[in-house]
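Subject: Structure handover

Hello,

Here is the structure I promised to pass on to you. Please open it alongside this email, and I will walk you through what turned up.

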Amino acid sequence: MDAGLKRELEAKVYAGERLTREDGVALYESDDLTWLGRLAHHKRTELNGERVMFNVNRHLNLTNVCSASCAYCSFQRKPGEKDAYTMRIDEAVRKAKEMEDEQLTELHIVNGLHPTLPWRYYPKVLRELKAALPNVKLKCFTATEVQWFEKISGLSADEILDELMDAGLESLTGGGAEIFDWEVRQHIVDHACHWEDWSRIHALAHSKGMKTPATMLYGHIEEPRHRVDHVLRLRELQDETGGFAVFIPLRYQHDFVDSADGKIRNRIQARTTMASPAESLKTFAVSRLLFDNVPHLKNFWVMHGLSVAQLSLNFGVDDLDGSVVEYKITHDADSYGTPNTMHRDDLLHLIWDAGFQPVERDTRYNVVREYDKAPSLAERRAEPQQVWA
Ligand code: SF4
């Protein structure tokens with residue numbers, strides 16, 4: 001990038017001016033990571049100071065049986081496949097209750113699009129989970145699943161959300177977004193929920209008072225311009241509804257795991273590499289700069305590894321999810337030794353070690369507890385340093 005354009009972009013960021021599509025593409029063209037990090041850190045500090053939010057949650061996937069076969073997905077199984085499963089309601093409750101001692105504040109539930117499970121199963125699970133764990137917030141279902149519920153129930157999304165909220169739903173999850181541009185989407189997504197339905201369902205949730213997350217799956221066959229387009233669609237919708245609490249760039253993962261049947265389900269990995277840590281940091285930084293009206297930027301560390309998660313706090317990220325247990329959707333594809341569990345104490349130290357102040361939050365980003373600010377660098381260096389893999 002030439003020095004003139006760099007100065008121009010820098011001036012816009014420091015003046016708080018909104019960046020354009022062309023600006024976004026130009027930022028992705030820059031390999032000056034420290035510069036991008038500095039700009040994103042400026043924006044992040046303006047919005048969130050030195051705070052890093054985290055929550056204590058548990059991920060549950062009620063079923064991996066799915067009618068769709070998205071090209072990047074190593075989680076889905078077809079009915080009758082050896083390791084296909086569907087949880088009984090009491091099993092889901094038992095798993096959720098296993099973490100009661102950790103003062104769990106959120107359950108995050110996403111699932112395959114099960115071809116025969118009736119719609120009634122879903123509000124019933126929510127009611128029983130809520131009865132068993134009344135203080136735990138239920139963040140459940142992607143817009144894709146809500147659209148699936150429309151199909152299997154004959155109800156409208158409006159009626160579905162009302163019933164789920166009555167059963168205890170606090171928020172939708174942000175998945176199913178992937179990359180909205182059809183040029184890419186047609187090659188990676190096999191379900192029927194695209195931008196029109198995804199945005200319709202989130203806008204509806206916002207109109208009912210929900211705060212929802214939005215995601216983007218990057219680092220596969222898309223180009224930077226598709227990432228920019230993705231964020232700008234969300235930014236425009238956020239101008240209208242103000243209902244997105246957080247944006248979560250998710251790194252696409254190859255399928256390395258030998259599943260019980262030895263099948264590699266991911267059909268795009270022959271055509272692509274995975275995003276490098278540098279590319280991930282750039283994506284966080286540009287996302288923070290472009291998506292100027294979303295309050296938080298999250299690193300779902302299971303998909304990036306802990307070292308990148310820690311570094312990303314200097315590239316616009318102010319939120320780490322979470323104390324995940326048994327995250328399966330992409331963890332089934334991870335062979336890098338990234339753990340799938342972090343406890344509250346681990347997260348606190350990860351954040352302090354990076355020089356930030358940890359703040360525990362709930363699903364709606366209300367503060368549950370503020371912790372001490374990070375000790376000084378000299379104090380931190382006086383202690384043996386933890387190496388975060
Ligand atoms: S990404 Fe979701 S909808 Fe697509 S195949 Fe996997 S589980 Fe099914």
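Let me begin with the ligand. The residues around it are C66, A68, C70, Y72, C73, F75, Q76, L113 and H191. Sorted by class, that shell holds seven nonpolar residues and two polar ones, with no charged residue. Please keep in mind as you read on that this is a predicted model.

**Overall picture**

The protein has 14 helices and eleven strands. Its C-alpha trace spans about 60 × 50 × 45 Å along the principal axes. A compact globule of 389 residues would have a radius of gyration near 21 Å, and the 20 Å of this protein agrees with that. Of those 389 residues, 58% count as buried. If you take the contacts between residues at least 6 apart in sequence, 74% of them join residues at least 24 apart.

**Strand β1 and its partners**

Strand β1 covers residues 51-55, and four of its five residues are buried, so the strand is largely enclosed by the rest of the structure. Which strands does β1 pair with in the parallel sense? One is β10 (residues 357-361), joined to β1 over four bridges. Here V52 stands opposite P358. The other is β9 (residues 319-321), which pairs with β1 over three bridges, also in the parallel sense. In that pairing, M53 has D319 of β9 as its bridge partner. As background, side chains in a regular strand alternate between the two faces of the sheet.

Helix α13 (residues 344-353) belongs to this part of the story too. Its buried residues are R344, L347, L348, L350, I351 and W352. They pack against β1, β9 and β10, as well as against α12 (306-312) and α14 (377-382). Just after α13 comes G355, which takes a positive phi of about 90 degrees.

**Helix α11**

Helix α11 runs over residues 277-290. From the first C-alpha to the last, its 14 residues reach 20 Å, close to the 20 Å expected at 1.5 Å a residue. Why can α11 be called largely enclosed by the rest of the structure? Eleven of its 14 residues are buried, and the description follows from that.

Strand β6 (residues 212-218) runs parallel to β7, and seven bridges join the two.

G243 sits in the loop between α10 and β7. With a relative accessible area of 2%, G243 is buried. Leaving out residues up to four places away in sequence, G243 touches H206, M210, K211, T212 and Q238. G243 and L289 are 46 residues apart in sequence, and their C-alpha atoms are 19 Å apart in space.

Q238, one of the residues that G243 touches, is found in helix α10 (residues 224-241). Is Q238 buried or exposed? Its relative accessible area is 6%, so Q238 counts as buried. Again not counting residues up to four places away in sequence, Q238 touches G243, F244, F291, N293, V294 and P295.

**A partly exposed loop residue**

Last, have a look at E100, in the loop between α4 (89-97) and β3 (106-109). At 40% relative accessibility, E100 counts as partly exposed; the cut-offs are under 20% for buried and over 50% for exposed, with partly exposed in between. Apart from its neighbours within four places in sequence, E100 is in contact with A132 and L133. D162 lies 62 residues from E100 along the chain, and 28 Å separates their C-alpha atoms.

That is the tour. Happy browsing, and do write back with any questions.

Best wishes

Technical notes:
Residues are numbered from 1 along each chain as its sequence is written. This is a predicted model: local features need pLDDT of at least 70, side-chain atom pairs count only at pLDDT 80 or more; totals for chains, interfaces and linings use all residues. Side-chain values use heavy atoms; hydrogens and water are left out. A residue is near a molecule or strand if one of its heavy atoms lies within 4 Å of it. Ala, Val, Leu, Ile, Met, Phe, Trp, Tyr, Cys and Pro count as nonpolar, Asp, Glu, Lys and Arg as charged, and the others, Gly among them, as polar. Buried means under 20% relative accessible area, exposed over 50%, partly exposed in between (1.4 Å probe, protein chains only). Two strands pair if DSSP finds at least two bridges between them. Contact means heavy atoms within 4.5 Å. The expected span of a helix is 1.5 Å times one less than its number of residues. The radius of gyration is taken over C-alpha atoms; the globule rule is 2.2 Å times the number of residues to the power 0.38.
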